[in-house]
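Hello,

Here is the structure I promised to hand over. My notes follow below it.

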Amino acid sequence: MRNLSDQEIIDSVRKGNDSDYSIIVNRYKNKAFSMLKRMLKNEFESEEVLQDCFLKVYNSLNTFKGEAKFSTWFYRIVYNTALTRLSSQKRKTETEMTSVEDHFNLESEYRSDEIEKKDVNQLIHDTISKLPERYSAVITMFYLNEMRIEEISEVMGISVSNVKVMLHRSRNSLRDLILNSRLAKELI
Amino acid sequence: MIQITDEILNKYLDGELSREDTEQVKSALLNSDEIRRKFSALKLVHTKLSSLKEDEVSPSFTQNLMIQIIKKSSVPRQQKYFIVSVATFITLLCLVIFGFSISAVISATPSSIGDSKSVFDSFSNLSEGLVKSIKQLFSGAGLSIICSIFSIIVLISGYFFFEMQKRAKASLSNGQQL
């Protein structure tokens, strides 16, 4: 069977073939879940929010005009729902911060002996979750969902240069973490 | 000569620098251990991030979601069928009453329409006859029959409507529990 495009599946769902929506769900569920898990830092809650997002998308399918890519529209809903959930829980969110100029120090998240015990893959995997929500969202969208910077800026509603700043800052923090550990001697 | 900052190294990694700047970064990488060390670590981070694996949702995620969606979409459909069937029934009833009135008028006005009277007169005769027969229908026993029929329709509709609302609520709460 030929690989149907998102638009073809949406058209079919709009015609009343509700079961075709499962193709969209299967196509995006893990990518969106990875993003939510890193933003919300909680697996159970992420799955709950993901379910809400898919229901929201289904109910709003008629308002999707196809001007932007479906994936961009979908991830915008996921991203905004995650931010709403974070702010409703009164967690420390990036939305409360003034701009991308805010600083974060990943090294303060670890004790020095903790870093020494980890291997580089595990360290990077764990550290993305320790990044502020918007930064981990950028990393996930760029590397895991293989989205272009322009698309990410559309999803997050910020400028392309701000997305780049966030991407570079996240990479630099991870790099500094590696450089200041014993891993630097082994790997570089 | 550009200053080799973290930003420049990131741009070099992403291939966003001009040809001239790229050459300068290349030469800086050859001449400075510190810059080379920083760039190697940055490249390592980039490589590791590029090989990140997706997290997986629970295996029953899609199935549970689709159950919710199908249940939710079936509720408005049921309501639509219900409204359409009630509207059809009432329309049919009105048509029957109207048809009965017309037939009563036609049988009550014999050949007067065919005479030399004007179209206006025959129209007024027809409307008078219609009003008369409707009056007959809505007076005494006729009115009580019509009221009884409407009351029964309202009662049956009310019962089915509340039953449907109850079922819809139950299915929604089941869906939320899933």
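Along its sequence, chain B runs α-α-α-α-α-α. That comes to six helices and zero strands (DSSP runs, helices being H or I of at least four residues and strands E of at least two, numbered from the N terminus). Please note that this is a predicted model: local features need pLDDT of at least 70, side-chain atom pairs count only at pLDDT 80 or more, and totals for chains, interfaces and linings use all residues. Residues are numbered from 1 along each chain as its sequence is written, chains are lettered from A and ligands numbered from 1 in the order written, and side-chain values use heavy atoms, with hydrogens and water left out.

Of the 178 residues in chain B, 27% are buried (under 20% relative accessible area; exposed is over 50%, partly exposed in between; 1.4 Å probe, protein chains only).

**The interface**

In chain B, 37 residues are in contact with 38 residues of chain A (contact: heavy atoms within 4.5 Å). The two chains bury about 3,600 Å² between them, 64% of it on carbon and sulfur atoms (accessible area, 1.4 Å probe, lost on being put together, summed over both parts). Six salt bridges are counted between chain B and chain A (a side-chain nitrogen of Lys or Arg within 4 Å of a carboxyl oxygen of Asp or Glu). Helices H1 (6-13), H3 (33-50) and H4 (61-108) of chain B each supply at least two residues of the side that touches chain A.

**Salt bridges**

- Lys31(A) meets Glu54(B) at 2.9 Å, N to O. Lys31(A) lies in helix H2 (residues 21-40) of chain A and Glu54(B) in the loop between H3 and H4 of chain B, so this pair joins two chains. Lys31(A) is partly exposed at 24% relative accessibility. Glu54(B) is partly exposed at 33%.
- Asp14(B) pairs with Arg171(A), closest N and O atoms 2.8 Å apart. This pair also crosses between chains, from the loop between H1 and helix H2 (19-31) of chain B to helix H9 (residues 160-179) of chain A. Asp14(B) is partly exposed at 25%, but Arg171(A) is buried at 0%.
- Glu16(B) and Lys164(A) form a salt bridge at 3.6 Å, N to O.
- Within chain B, Arg36(B) pairs with Asp33(B) at 2.3 Å between closest N and O atoms. Both sit in helix H3, three residues apart, so about one helical turn separates them. Arg36(B) is partly exposed at 35%; Asp33(B) is exposed at 55%.

Over all chains, the structure holds 19 salt bridges.

Best wishes
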